[in-house]
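Here is a short briefing on one protein structure. Look at the sequence and the model first, then work through the points below.

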Amino acid sequence: MEDFNSETDSDYASYWRDWFISTRGHEYFCEIDEEYLTDRFNLTGLQAEVQYYQYALDLVTDQFDFECEDDMREQIEKSARHLYGLVHARYIITTRGLAKMLEKYKKCDFGRCPRVLCRSHPLLPLGLSDLPHQKPVKLYCAKCEDVYSPKSSRHAAIDGAYFGASFPHILFQVYPGLIPPKSNERYTPRCFGFKTHAQAALSRWQEGERDAQDARLEKAGVEVRRVDGEDEEDEDEEVVEA
C-alpha cells in the first residue's frame, strides 16, 4: 500500500511537467527531474528573472494551491513556462540532462539538416544568446557547423536561452564519438556539365563586395559616385563627403 501511494504521489508530482513536455511545440524540451527542480542551489539567481517566482515554482512542482483570478493564474502559468525554460538550460548540461537530450538527438527529435550534402544529419537546439528574450532557438548541424531556423513556427518562437549557446558543444565534448567526420564536399556550379568559369565567379564576388562597401559608406554619410560609360574601368571611384 505504501509503494502504491508513493508511485501515485510521484505521478501527481510530475503532472505539470508531463503536460508541458507533451504540449505541441515543446518537442525540443526534455523532462527535468523533480530532484533537480527542488534543489534551491540549481535555481540560484532565477528569482530576479521570473515574475511570481514562488507561485511559478509551486506550479511546476505541482505544489500550487493558491486561489486566484483567471488573469493572475494566466500570468503565473506564463511565469511557470519561463521558469521551466531557464532551469532547462541549466539541466541539459548536467550528466542526466545530457543523457536525455542525447536520446532525443539519436531519434532526430530536433530535425535533420536541410543542407543536401549533409545527407539528413540530425540537428541540435542552440541558443545564440544565454540571455532570455534576445534570440529565438536555432538548430545546429555538427557536420557543416552551421545553424538553421526551425521549420515549425511553434519551434521558431521558443526562446534560445532555454537551451543556451553552449549546449551542443558540451554534448560533443562529453560524447566525442558522436562528432561527425568533416567533409570537404562542396557543391560545384556547372553549366551543361562544365564548371562555371572561375573569372565569372570572381566578378560576382567583386560586385557583391563593391555593393557592400557602398552600403557601408552611405551608412557613414559618405556619397559614392561611380563613373558610367566605356572608360569606367579606367576611372577611379570618386568619393565625396556628404
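Rings of Phe, Tyr and Trp (its six-membered ring) count as a pair if their centres lie within 6.5 Å. By that rule, ring pairs join Trp16, Trp19, Phe20, Tyr28, Phe29, Tyr84, Phe110, Tyr162 and Phe163 into a cluster. Keep in mind that this is a predicted model.

**Aromatic pairs**

- A pair of aromatic rings is described by the distance of the centres and the angle of the planes.
- The whole structure holds twelve aromatic pairs.
- Tyr28 and Phe110 have ring centres 5.7 Å apart and planes at 70 degrees, so this pair is edge-to-face.
- Tyr28 sits in the loop between α2 and α3, and Phe110 in the loop between α6 and β1, so the pair ties together parts 82 residues apart in sequence.
- Tyr28 is buried at 2% relative accessibility, and Phe110 is buried at 2%. The cut-off for buried is under 20%.
- Phe29 and Tyr84 also form an edge-to-face pair, because their planes are at 65 degrees, with ring centres 6.5 Å apart.
- This pair links distant parts of the chain: Phe29 is in the loop between α2 and α3, Tyr84 is in helix α5, and 55 residues separate them.
- Phe29 is buried, with a relative accessible area of 3%. Tyr84 is buried at 0% relative accessibility.

**The nonpolar core**

- Which residues touch the most other members of the largest nonpolar core? They are Leu83, Val87 and Phe163, out of 47 residues in that core.
- Several elements supply at least two core residues each, among them α2 (15-22), α4 (53-60), α6 (95-106), β1 and α8.
- Helix α5 gives the largest share, with seven residues.
- Beyond its neighbours within four places in sequence, Phe163 has contacts that include Tyr28, Phe29, His88, Met101, Pro125 and Val137.

**The sheet**

- Strands of a sheet pair through backbone hydrogen bonds, either parallel or antiparallel.
- Here, three strands form an open sheet in the order β1-β2-β3, with antiparallel pairing.
- Strands β1 (124-126) and β3 (146-148) are at the edges with a single partner strand each, so one side of each has no neighbour in the sheet.
- On average, neighbouring strands are turned by 45 degrees against each other, direction ignored.
- Strand β2 (residues 138-141) pairs with β3 over three bridges, in the antiparallel sense. Leu139 stands opposite Tyr148 in β3.
- Helix α8 (residues 167-174) packs on the sheet and touches β1 and β2. The direction of α8 makes about 135 degrees with that of β1.

Key. Residues numbered from 1 in each chain as written. Predicted model: local features only at pLDDT ≥ 70, side-chain atom pairs only at ≥ 80, totals over all residues. Heavy atoms only, no water. Pairing = 2+ DSSP bridges. Helix = DSSP H or I, 4+ residues; strand = E, 2+ residues; numbered from the N terminus. Axes fitted to C-alpha atoms, helices over the stretch in contact; angles between N-to-C directions. Contact = heavy atoms within 4.5 Å. Core = buried A, V, L, I, M, F, W, Y, C linked by side-chain atoms within 4.5 Å. Buried < 20%, exposed > 50% of the residue type's maximum accessible area, 1.4 Å probe, protein only. Phe/Tyr/Trp six-rings, centres within 6.5 Å; stacked < 30°, edge-to-face > 60°.
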